[in-house]
Amino acid sequence: MLLQLLCLVPAAVTQSPQHVLSNHPHAQNIPTIHQSAVQARRILNLSSIATLSTVFPEDQSTTLLENRPFGLGGDPIGLIDYYASCDPTPHEPTILAISIATSFKNARAGSNVTLSLRYHPPSDHPVGDDIYTYSPANLPRFSLLGYIEPVPASEIKKYQMDRCFFDRHPDAVAWKPGNAIHHSWWARLVVQQVYWIGGFGDRAYIGWIPVEEWRGVAQEEVRNARLRGEHGYEKA
């Protein structure tokens, strides 16, 4: 009976899977790891909103004031948050942490943090070659893995990191440190690992980017880089 069923399976289903989420072993003209790192840093610079993922601590650490359901210990949660790429460490996102927010409660309880971003082409981008040119499945996205650390007030003042952040998020002035709504503090994501999906595996690099490569990208490279759909982009 099993043999009869297998005979009915179309030939296309039994063929080797396409390299959509991995690099094809014979793919040509795939960007190097450094070129991919530059693209990722470009996205970090262009964007300012991403998904911040953390893990809930064990239930016994929950206070009665939170009213969190039991059984969430060890479960992940991803929430949208603001960030900005600011000096002196533009490769480590600056974040205005709200103490009452779930992400930062989890981080203070010891959770590592992942910031996930994807590239959004400009609304006036040129017409694509086909339906896949601007398909989200074929556009770059990546995750930064690390941990949250406070940024000293002296550093905020010296490099005007608050001005940099508020330039990207004017509404966030309402909850700057010292506000009357919620306790907040300046933080940065210390990046320890970078995972990159540049697009389909037959034309883009997919895999880990060494953190040294991520940190080593020069700001001039970021400024000069152009992604698909940006004015000045040249197809390889």
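Contact here means heavy atoms within 4.5 Å. You're looking at a predicted model, where local features need pLDDT of at least 70, side-chain atom pairs count only at pLDDT 80 or more, and totals for chains, interfaces and linings use all residues. Numbering runs from 1 along each chain as its sequence is written, and side-chain values use heavy atoms, with hydrogens and water left out.

Now pick the buried residues of α3 itself, among them Ser36, Val38, Arg41 and Leu44. Buried is under 20% relative accessible area, exposed over 50%, partly exposed in between (1.4 Å probe, protein chains only).

Next, select Leu115, Leu117, Phe142, Leu144, Ile148, Leu189 and Trp214, which touch the most other members of the 34-residue largest nonpolar core. Such a core is a set of buried Ala, Val, Leu, Ile, Met, Phe, Trp, Tyr and Cys residues joined through side-chain atoms within 4.5 Å. β6 gives the most to this core, with six residues. Zoom in on Ile148: its contacts include Ile95, Trp185 and Leu189, leaving aside residues up to four places away in sequence.

Last stop: show Cys86 and Cys164, a disulfide (cysteine sulfur atoms within 2.5 Å) with its sulfurs 2.0 Å apart. Cys86 sits in the loop between β2 (76-82) and β3 (94-98) and Cys164 in helix α6, so the pair ties together parts 78 residues apart in sequence. Cys86 is buried at 1%, while Cys164 is partly exposed at 22%.

Methods
Helices (H or I, at least four residues) and strands (E, at least two) are DSSP runs, numbered from the N terminus.
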